[in-house]
Amino acid sequence: MKNLISIIVVIAALAFGALKYANSFVELDENTNAKWSQVLNQYKRRADLVPNLVETVKGYAAHEQKVFEDVTNARSKSMQVRVDASSLSDEAKIKEFMAAQNSLGSALGRLMAVSENYPDLKANQNFLSLQSQLEGTENRISVSRRDYIDAVKEYNVAIRSFPGKFIVNTFYPEMKLKQGIEVNDADMKNPKVSFDK
């Protein structure tokens, strides 16, 4: 009788452990989705700051119309490309989203470079506040992207490794590998600003 109880306890412990392990995939999936939401949140914050920054700089540098148009167009495009948690396995969608965000970042870099030529603008409190908020947002974007990349790595390793691959195929066939965020060489370059006519 003691042996039977011991066997039942061991089987129950193994079953509990297996269920806990199987449920960890749901937790990893939700963690990745939450990290992506935070990335989107930071990009939205940046997009919300852009119109105020553009209007502040416009008052000082009215003849830099092309830069303002580029920033406005890049912001508009970045707001149109949507990637929700269900699209995180779609490599093309992620690349399109990141291209739009990188375009906005590049346009903002050109806007900030233009602002360097206007000493009065650099002393304007509104501009300094917006610039500080934008810098803080860019840092938050960087941290959010890093956290998302780490979460995707953990998730993808879990569903590709043994025995996770078999558990996912059996219990969670809808779970697919998620796309990370890649930075290409063009995005790594500083924006080129020229004041030649």
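This briefing covers helix packing, salt bridges and a nonpolar surface patch in one structure. The model is predicted. Helix α3 (residues 91-115) is roughly parallel to α1, whereas α2 and α3 are roughly antiparallel. A search of the whole structure finds seven salt bridges, among them a pair that links distant parts of the chain, Lys-178 and Asp-29.

**Helix packing**

- Two packed helices are described by the distance between their axes and by the angle between them.
- For α1 and helix α3 (residues 91-115), the axes come within 11 Å and the crossing angle is roughly 30 degrees.
- Angles under 35 degrees count as roughly parallel, and α1 and α3 are therefore placed in that class.
- The handedness of the α1 and α3 crossing is left-handed.
- The axes of α2 and α3 come within 8 Å, and they cross at roughly 155 degrees.
- Because angles over 145 degrees count as roughly antiparallel, α2 and α3 are described in that way.
- Where α2 passes α3, the crossing is left-handed.

**A contact between residues of separate sequence positions**

- Ser-103 is located in helix α3.
- With 37% relative accessibility, Ser-103 counts as partly exposed, because values between 20% and 50% fall in that class.
- The C-alpha atoms of Ser-103 and Val-71 are 8.7 Å apart in space, while the two residues are 32 residues apart in sequence.

**The salt bridge between Lys-178 and Asp-29**

- A salt bridge joins the side chains of Lys-178 and Asp-29, with an N to O distance of 2.5 Å.
- This pair links distant parts of the chain, since its members are 149 residues apart.
- Lys-178 belongs to the loop between α6 (164-171) and α7 (185-188), and Asp-29 belongs to helix α1.
- Both partners, Lys-178 and Asp-29, are buried.

- Lys-66 and Asp-70 meet through their side chains in a salt bridge of 3.2 Å, N to O.
- The two residues are separated by about one helical turn because they stand four residues apart in helix α2 (residues 65-80).
- Lys-66 has 57% relative accessibility and therefore counts as exposed, the cut-off for that class being over 50%.
- Asp-70, at 23% relative accessibility, counts as partly exposed.
- A network of salt bridges links Lys-66, Asp-70 and Arg-110.

**The salt bridge between Arg-146 and Asp-147**

- Arg-146 and Asp-147 form a salt bridge in which the closest N and O atoms are 3.3 Å apart.
- Arg-146 has a relative accessible area of 46% and is therefore partly exposed.
- Asp-147 also counts as partly exposed, at 26% relative accessibility.

**A nonpolar surface patch**

- Met-1, Leu-4, Ile-5, Ile-8 and Val-9 make a nonpolar surface patch of about 550 Å².
- Ile-5, one of these residues, is found in helix α1 (residues 2-58).
- The relative accessible area of Ile-5 is 48%, so this residue is partly exposed.

Technical notes:
Residues numbered from 1 in each chain as written. Predicted model: local features only at pLDDT ≥ 70, side-chain atom pairs only at ≥ 80, totals over all residues. Heavy atoms only, no water. Patch = residues over 30% accessible without salt bridge, like charges linked within 9 Å, V, L, I, M, F, W, Y side chains within 5 Å. Areas by Shrake-Rupley, 256 points an atom, 1.4 Å probe, with all protein chains shown as cover. Salt bridge = Lys/Arg side-chain N within 4 Å of Asp/Glu carboxyl O. Buried < 20%, exposed > 50% of the residue type's maximum accessible area, 1.4 Å probe, protein only. Axes fitted to C-alpha atoms, helices over the stretch in contact; angles between N-to-C directions. Parallel < 35°, antiparallel > 145°, perpendicular 65-115°, else oblique. Left-handed = near helix turned anticlockwise from the far one by under 90°.
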